[in-house]
Amino acid sequence: MTMKTFTRRLAIAGTALALTVAASAQAADTIKVGVLHSLSGTMAISETTLKDTVLMLIDEQNKKGGLLGKKLEAVVVDPASNWPLFAEKAEQLLVKDKVAVVFGCWTSVSRKSVLPVFEKNNGLLFYPVQYEGEESSKNVFYTGAAPNQQAIPAVDYLMKDIGVKRWVLAGTDYVYPRTTNKILEAYLQAKGVAPADIMINYTPFGHSDWQSIVADIKKFGSAGKKTAVVSTINGDANVPFYKELGNQKISAEDIPVVAFSVGEEELAGIDTKPLVGHLAAWNYFMSEKSPANSEWIKKWHAYTKNPKRTFNDPMEAHVIGFQMWVKAVEKVKSTDVNKVTDAMIGLEAPNLTGGVSKMLPNHHLTKPVLIGEVRADGQFDTVWKTTGLVPGDAWSDFLPGSKDIEADWVTLKCGNYNTKTKQCSGQNYK
Amino acid sequence: MVLLLALLFAMTARAQTPAPVAGDPFATAVAGLGADNFPDKAAAVTVLTELRHPNGRAVLAAMLDGKLYLRNADGRVFITDAGETALALTDPLTMQAAGTGIPDDFARITTNNSLRKTLRSAVAGFALADPDAAVRLGAVREMLRSSLDEDSAALLRGALEKESDEDVRQAVREGLALADLESPEPEKRLAAVRALEKSLNSDVYNRLTSMVTAAEDGSYPEADERVRIAAREVIGSIDSSRRVYGTLETLFFGLSLGSVLVLAAIGLAITFGVMGVINMAHGELIMLGAYTTYGVQLLMPQHIGLSVLVAIPLAFLVSGTVGVLIERGIVRFLYGRPLETLLATFGVSLILQQIVRDGVSPNNVPVETPQWMSGSWQINDALSITYNRIYVLLFMVLVFAILQIVLKKTSLGLKVRAVAQNRNMAKAMGVRTQWVDAMTFGLGSGIAGVAGVAFSQLTNVGPNLGQQYIIDSFMVVVFGGVGNLWGTLIGGMSLGVANKILEPWAGAVLAKIFVLVALILFIQRRPRGLFPQKGRAAES
């Protein structure tokens with residue numbers, strides 16, 4: 001070996017070493033944040049914005065100097081509205097990319113699909129959407145509404161303020177609408193509504209031929225009693241549904257539709273004139289006037305460079321969830337999942353509509369409940385609002401199976417504790 | 001500076017409009033519309049309705065349209081036309097222009113559903129004297145939506161005397177008869193029941209049913225026996241006509257769903273049925289047609305009504321060209337190898353989806369429905385049909401007829417049929433079979449594009465649009481009998497009707513499953529479908 005080749009080899013080895021060091025230094029300098037939202041397929045209409053929201057939050061945090069002296073780095077994957085793919089992508093985020101936290105999922109079936117992955121790998125998921133409850137996992141924080149923070153108050157409003165006597169429960173055929181409707185049915189019957197006055201209807205994802213269902217609703221509503229539709233229809237099937245309502249001239253004054261999955265973002269893509277007066281129940285409306293709200297809307301418009309982009313409820317949930325996660329990480333000075341989950345409980349973050357949300361021991365939040373009527377410009381006029389904040393209840397008090405179940409990760413250390421048998425059943429309830 | 005300007009505006013506005021005369025009930029009621037809660041607003045609306053002030057209608061209509069604003073400074077109510085920077089104010093008391101204001105100084109007076117219902121009924125009361133019969137009919141219908149109080153009944157009686165239009169008279173009579181059912185005199189009630197005989201209005205039906213439904217102690221809300229018998233007769237006749245209309249409605253829904261299926265499948269009936277090519281990219285050709293509609297609407301945003309018509313030939317060209325490219329580029333190398341064709345065209349379908357996803361947007365795009373296609377045709381109280389479905393049904397019939405003419409009457413059609421029946425013989429007779437293959441594939445693809453234009457009016461336009469229809473399309477073609485356009489038509493229509501008959505009692509999810517299971521059983525019994533091809537062509 002001549003001297004020349006030796007030096008050359010040394011140089012190559014040195015560069016290679018330097019590169020590896022640089023790469024590992026790079027990796028150590030960032031905290032990875034996973035974003036698990038569908039960017040294509042039937043749920044993209046709702047989930048794409050959430051991806052942008054998380055990116056904006058990360059951007060904001062990095063401008064403030066990052067977290068624990070490191071920059072945050074987003075790892076975005078596209079599970080394409082395909083539920084098994086959610087689990088695969090979650091596994092990839094946790095095992096391959098080793099993210100500190102994941103913000104993601106919209107439909108409950110996607111959450112159910114990733115749940116075992118998060119529990120197996122001890123990951124951390126922030127789930128920002130209203131859902132059916134009946135779940136509390138150590139590895140998930142539910143920043144959206146539980147049924148008692150959205151569905152039940154909405155039904156109460158219709159019953160007491162509007163005088164609704166007949167109910168159509170219409171939903172997409174999967175776990176969230178089925179469970180929510182089960183809870184609502186039990187609740188309505190407990191309030192003295194006859195079974196004949198409740199009509200339940202399920203449709204597949206992406207359903208587009210609504211003519212006979214809307215005609216049925218019309219017939220059901222013409223029996224002389226005030227009728228309302230409680231809609232848990234998800235994703236883009238809402239567009240042809242509302243179009244058909246408009247075409248068959250069902251106005252909100254005769255049969256109001258109260259939706260749990262239709263917000264500003266979904267309304268932005270459609271002609272809202274036939275929808276004026278239909279209702280939505282959420283924990284946030286973009287039209288609410290408060291300093292925190294206008295500040296975030298301004299940031300959002302600046303980030304997206306589009307002054308017309310809408311802000312909605314699950315986005316607010318991500319904002320609250322992200323702030324809490326940052327606080328928890330700063331508190332324990334580590335991104336270790338066990339330490340962070342313990343520190344999360346009891347943390348507070350301001351709501352954008354006023355008031356301060358608190359993380360409860362059952363991994364749910366306290367939230368205000370708002371009911372709004374659709375305006376012609378696609379925004380909502382708040383017509384009713386709870387006076388205080390409602391604490392999220394993981395296990396519904398209206399279902400026979402879940403009445404005695406409690407979730408408490410502080411004293412009981414269990415998400416599914418039966419107060420009668422005094423047993424913790426783990427996460428595989430049912 | 002802005003503040004100063006605002007003050008100046010406010011001052012000039014005040015100078016132009018005289019302060020409300022104290023004790024003027026109209027002024028008090030108008031001021032009451034600006035109350036901060038809905039019950040007080042509703043009370044003010046009722047007062048305004050009773051006052052019948054000449055400006056009342058304009059004020060209430062403005063409130064209904066959300067054009068009534070409250071000035072924050074002094075709590076006065078104005079009618080405005082909302083502008084970006086300045087509001088043109090009108091004083092509701094005098095109907096005179098009252099200068100302009102800046103939006104930040106004003107708050108819109110909000111309404112809710114029940115208030116809007118009251119407002120509509122109130123505005124309708126003013127519209128009873130409108131010279132246009134259609135407006136009067138609408139006004140009467142609007143008033144009858146909420147139960148009549150004595151004032152409105154008196155108003156309607158007055159209107160009936162002056163009314164000349166028969167439809168309006170009928171509607172008014174119906175409403176008055178309903179009000180008469182509350183009368184203490186049995187004779188009057190009996191007459192009212194008789195008058196309601198022809199009505200299909202659901203309010204009438206509910207009211208009559210409640211009259212003859214026995215309470216728990218065996219007594220009836222309607223005391224008189226004769227009135228009850230008459231009411232039962234009327235209910236019976238309403239029931240039977242409702243059943244007839246209900247059946248008609250289901251039939252139409254079925255035909256409409258069937259027309260969608262046929263439109264989706266008819267292009268495939270040519271490529272798959274006539275040529276025997278399994279084209280998995282068929283759905284994406286439909287999608288391209290739908291996106292063409294979107295593109296046309298982007299190019300001519302002022303003429304949405306026309307855009308759909310312009311999109312039809314364009315979509316045919318776009319999808320047809322892509323079809324020819326697929327045939328020339330891929331399919332022609334794979335004739336006689338169905339499995340490879342299937343895989344290759346499946347690949348093409350993924351490529352087309354991804355092109356749209358990256359090129360346009362992964363999200364759905366909004367395609368507007370033209371005015372002439374929205375709304376519904378109200379035949380009577382029990383039956384109405386939406387326009388967009390009628391047009392799609394007619395469009396399907398038109399496309400089918402044109403296709404039949406092309407295949408049966410043109411030289412291209414003759415060659416297509418010749419090649420389908422016996423390729424070698426056709427070749428021997430001098431037919432350029434390669435050219436015919438390309439044209440046939442292009443024709444089938446173009447028809448798929450045209451179907452896409454129709455679907456853009458019914459469903460969401462997104463990269464996955466085609467996936468929804470591909471299975472259904474194959475189902476219809478196989479069910480109808482491969483190679484037979486009439487089979488496709490009848491197959492699609494019967495699947496649609498069967499689906500809609502099952503849907504009311506099985507639900508949308510189960511109905512689809514039932515139809516699919518029935519179809520599998522049918523194909524087991526008759527593998528060649530409803531109308532199998534006969535003769536030598538069937539054997540090859």
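**View 1. The contact between chain A and chain B.** In this predicted model, 41 residues of chain A are in contact with 36 residues of chain B, two residues being in contact if their C-beta atoms, placed from the backbone, lie within 7 Å. On the side of chain A that touches chain B, at least two residues each are supplied by α2 (44-63), β7 (198-203), α7 (211-220), α8 (238-247) and β15 (380-385) of chain A, and the largest share, 5 residues, comes from α7(A). Helices (H or I, at least four residues) and strands (E, at least two) are DSSP runs, numbered from the N terminus. By class, this side of chain A has 14 nonpolar, 18 polar and 9 charged residues, where Ala, Val, Leu, Ile, Met, Phe, Trp, Tyr, Cys and Pro count as nonpolar, Asp, Glu, Lys and Arg as charged, and the others, Gly among them, as polar.

Residues are numbered from 1 along each chain as its sequence is written, and chains are lettered from A in the order in which they are written. For a predicted model such as this one, local features need pLDDT of at least 70 and side-chain atom pairs count only at pLDDT 80 or more, whereas totals for chains, interfaces and linings use all residues.

**View 2. The crossing of α11(A) and α12(A).** The axes of α11(A) and helix α12 (residues 337-344) of chain A come within 9 Å and cross at roughly 115 degrees; axes are lines fitted to C-alpha atoms, for helices over the stretch in contact, and angles run from 0 to 180 degrees between N-to-C directions. That angle makes α11(A) roughly perpendicular to α12(A), a term that covers 65 to 115 degrees. M324(A), A328(A), V329(A), K331(A) and V332(A) of α11(A) meet K339(A), V340(A), A343(A) and M344(A) of α12(A), and the residues of this contact divide into 7 nonpolar, no polar and 2 charged.

View 3. P147(A) lies in the loop between β5 (140-142) and α5 (151-162) of chain A. With 30 other C-beta atoms within 10 Å, P147(A) is buried, the cut-off for which is 20 or more such atoms, with C-beta atoms placed from the backbone. Leaving aside neighbours within four places in sequence, P147(A) is in contact with E132(A), G133(A), I152(A), T180(A), I183(A) and S396(A). The C-alpha atoms of P147(A) and S396(A) are separated by 7.4 Å, although these residues are 249 residues apart along the chain.

Terms used:
Angles under 35 degrees count as roughly parallel, over 145 as roughly antiparallel, 65 to 115 as roughly perpendicular and the rest as oblique. A residue is buried if 20 or more other C-beta atoms lie within 10 Å of its own, exposed if 12 or fewer, and partly exposed in between; C-beta atoms are placed from the backbone.
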